[in-house]
Amino acid sequence: MQETINNQSLWEEMLQNKGLTVIDVYQAWCGPCKAMQTLFRKLKNELNEDEILHFAVAEADSIVTLQPFRDKCEPVFLFSVNGKIVAKIKGANAPLVSQKIITLINEEKKIAAGEMVRPQYHEIVFVDSDSEDAGEASYGNVEQLYSIAIIKPNAVTARKVKEIKEKIIDAEFVIEAEDKKMLTEEQVRYFYSRIADQPDFEDFVSFMTSGLSYILVVSQAKEKWPSWDGSESNSETESKEPWDDHEKTAKSSGMKQKRESFQEYLERQQISQFCDVEENISNTKFIDVFIPDFKKIKGIKLEKILALLRPALFNKRKEDVLNIIQDEGFKILMQRQIVLSEKEAKTLCMEHENKDYFGNLIENMTSGPSLVLVLVRENGLGHWKQLIGPSSVEEAKEYLPDSLCAQFAMESLPINQLYGSDSLEAAERDIQYFFPPEHTAALIKPHVTQEQREDILTLIKEAGFDITQMKETLLTEEEADKIYFKIKGKAFYKDVLEVLSEGPSLVMILTKWNAISDWRRLMGPTDPEEARFLSPDSIRAQFGRSMLKNAVHGASDMQEAVEAINRVFEDFVAENPEKN
């Protein structure tokens, strides 16, 4: 049904089509929008206009004309009338796409019958949707300028990272990539070479390598442009879309004045003392020193979202849904069963509060356990919304019969049996609520090689832990007592001290829901031989040598975790002290 266009010559050939051609512009890594194909088949059959209605899929990566659409996660649909691109719709908005197709086809039929004159369409110019330069097509390779920001260890310790990042985003800068790590001496000297001749520079190097820093790659946010027909907004049409209201944004009222630099903004916000900046970097080799996989990160946006299976679906078809979730490329980071309170149910179902079935919905939502999931994948938010479909079963069955809303509809309620956060910001709040973070103390021992240490840190991150604090230190007896206070009086404690004195240890605060028990599970049994038998994927099974040199250590319970953290990281303040 859909013509495949994967090079420039096929694109030019497609423009010779008479009538309307609807083009699904896609990225090579994710493929065409499967959710819309059912709608297109339905329209093809119902309208029965094979001579003037065509459908195509076009790979942006291999077509020069579509270069401005590359590296975009959101689906884009273009509408070509007799070779002229006259409209563009972003997102898998089935009702809006359907309405646009029907409107344009009806126009073509009236034109053919002599009932109307062909409108003078305003042709879409393929400018990067984020471009700042009005009216300039962006066919060439314009090199992106970035800034690198390093949030210093004292700001990380003081828990100012979230505040700084929020201010950066609020000012419409874009955080393209981020990482947190202990900077090496070489990295510090490289980044701060301009101040290397200052008398206290060596002390500064020691400070910058003493704990975790955050490295941010930041770009300037771009202006938004009016819709294709020059109107201020298409909100009247878009507001009819029942499951995408949260995506509506205010349109720009005109060109903005020249914006202040990233450094100027940090200074005005009085946060520049916590954050050092290198501005307007066009050479990504500089960025690669701090974030080696930046190009990969830039092209693949991993997004973490919260999803929920309502009680009826969880009770009857949980395994079917979980299989689809994994088949769609989502990784399940965390999951838990929870019986919602009436207040929680009303908050989650707020969009339905004016419906006559709202009372029945709340009763249903509190009648038994729901399954709450934290999911992650490329373009996770958009893909989950596209996968589950609209909030209304009626809408789903009409426009997106392949969506999970339509597939798993229950007779008891006319709404989607699956829930997803409206935005990444809402997802973060939802995850914090349903999976409140817990802190635990962790240690990587001296005998672990640098390469093994990196492997262990990778395992920690893959298990969903956030490394909230980290410092490398030689554990003297006094320092070791702060962590091993529970066994201080044991006969074998002197052997523990001897192992710890062999070199610096890496001491960390690890954060996630159920951090204490999950870290103990990831470490594995104390004896590496036993670990290799009972838990071969555990850290001790892979990197432990003996009972004493078993690679890692962790707090055994909440009390020990809190006490160890308070002793080792004296300035650390938990964001949720009632939990940890």
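A residue is called buried when its relative accessible area is under 20%, exposed when over 50%, and partly exposed in between (1.4 Å probe, protein chains only). The model is predicted, so local features need pLDDT of at least 70 and side-chain atom pairs count only at pLDDT 80 or more, while totals for chains, interfaces and linings use all residues. Residues are numbered from 1 along each chain as its sequence is written, and side-chain values use heavy atoms, with hydrogens and water left out.

Asparagine 550 counts as buried because its relative accessibility is 2%. Its place is the loop between helix 24 and strand 17 (552–554), where helices (H or I, at least four residues) and strands (E, at least two) are DSSP runs numbered from the N terminus. Contact means heavy atoms within 4.5 Å. Beyond residues up to four places away in sequence, asparagine 550 touches several residues, including Lys445, Thr526 and Arg540. The asparagine 550 side chain also comes to 3.2 Å from the backbone oxygen of methionine 547.

Arginine 540 belongs to helix 24 (residues 539–543) and is buried because its relative accessibility is 6%. Leaving aside neighbours within four places in sequence, the contacts of arginine 540 include Thr526, Asn550 and His553.

Technical notes: A polar contact is a pair of N or O atoms within 3.5 Å; within protein, one must be able to donate a hydrogen and the other to accept it, and residues adjacent in sequence count only if both atoms are side-chain atoms.
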